[in-house]
Amino acid sequence: MTIKNPLNNHRSTRIRLLSGSWLSPIERRMGRVMRAPDEHVETDPPADAAETEATTALGDAAAATDAPADDGAATDAVAAGDKADGDQSDADKAAADAGAESIVGAPEAYDVEAFTMPEGVEFDAELFDLVKDDLKGMDLSQKGAERVVGLFADKVAPKIAERAVQQLDDHAAELRANMARDLQADKEVGGPKLKESQAYAAKAIAHFIPDAAVRSDFSKFLNESGLGDHPLLTRVIAGAGRAISEASTPSAETDTAGLTASQKFYGR
């Protein structure tokens, strides 16, 4: 683009004024001609006016040249950003759809050998047979069924086992407490006779289990299980110990019968 010199425009303006082309219609009818006197000396327009006109022309040219370029670049950048966001949204949606589709669509039969279980957990085909029809009823695919079974084995089953063990411990503790109470109330081996009964029971155990290590394990079993406080079991074992004690203690007559006088005096 070529920028015209504002001085040239001023010079052409002087020529049009001299030729009368800028006279108004009234001035033409009156025959007036506005002409510069012969001694007229051409002067240049003030420097400030020329600079202002030139600056305005240059600013208009720069605005006409740069503005469309800037607007176009900004528009393209916005369009590119919108397109990138749209592509990302479409990709995320496609991934979500793919993940949703992967867990639905029940097969004719599940491949139980392909099931992957958490570490330390074995796949139980017998238990799976109880729920496979329900999994198919939920339209779960092979992958979907694996997720459900895996979550159950990893998070639910351990909690069930933990609660079952706790319930057994609580029940065993209650049972031991009840047996100890019943043993104290037993008229034959409990109450004031309890220590004597326990001594006879220990004698019976020592008689029938001579090995000290085995006898220790048996006593530990009785104490930990609570069976050592069972009233009926205590009657049996204490009764056996009492019978052994009575059989091993000879009467006075039997002890002295058949002995000579010296044996009776000095002992055997």
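What is the volume of the largest pocket?

1. The largest pocket has a volume of about 360 Å³. A pocket here is an open set of points on a 1 Å grid over the protein atoms alone, with protein on both sides within 12 Å along at least five of seven lines; lining residues have an atom within 4 Å of a point. The volume is the space filled by probe spheres set on the points.

2. The model is predicted: local features need pLDDT of at least 70, side-chain atom pairs count only at pLDDT 80 or more, and totals for chains, interfaces and linings use all residues. Residues are numbered from 1 along each chain as its sequence is written, and side-chain values use heavy atoms, without hydrogens and water.

3. Helix 4 (125-137) and helix 5 (142-185) each supply at least two lining residues; helices are DSSP runs (H or I, at least four residues). By class, this lining has 13 nonpolar, no polar and 3 charged residues.

4. The second largest pocket has a volume of about 300 Å³. Among its 17 lining residues, Gln198, Ala201, Leu222, Asn223 and Gly228 are closest to the centre. Helix 6 contributes the most to this lining, with 6 residues.

5. The axes of helix 6 (residues 194-208) and helix 8 (residues 231-247) come within 7 Å and cross at roughly 75°. Helix 6 is therefore roughly perpendicular to helix 8 (65 to 115 degrees, on a scale from 0 to 180 degrees between N-to-C directions of lines fitted to C-alpha atoms).

Terms used
Angles under 35 degrees count as roughly parallel, over 145 as roughly antiparallel, 65 to 115 as roughly perpendicular and the rest as oblique. On a 1 Å grid over the protein atoms alone, a cavity is a set of points where a 1.4 Å probe fits but cannot get out, and a pocket is an open set with protein on both sides within 12 Å along at least five of seven lines; lining residues have an atom within 4 Å of a point. Ala, Val, Leu, Ile, Met, Phe, Trp, Tyr, Cys and Pro count as nonpolar, Asp, Glu, Lys and Arg as charged, and the others, Gly among them, as polar.
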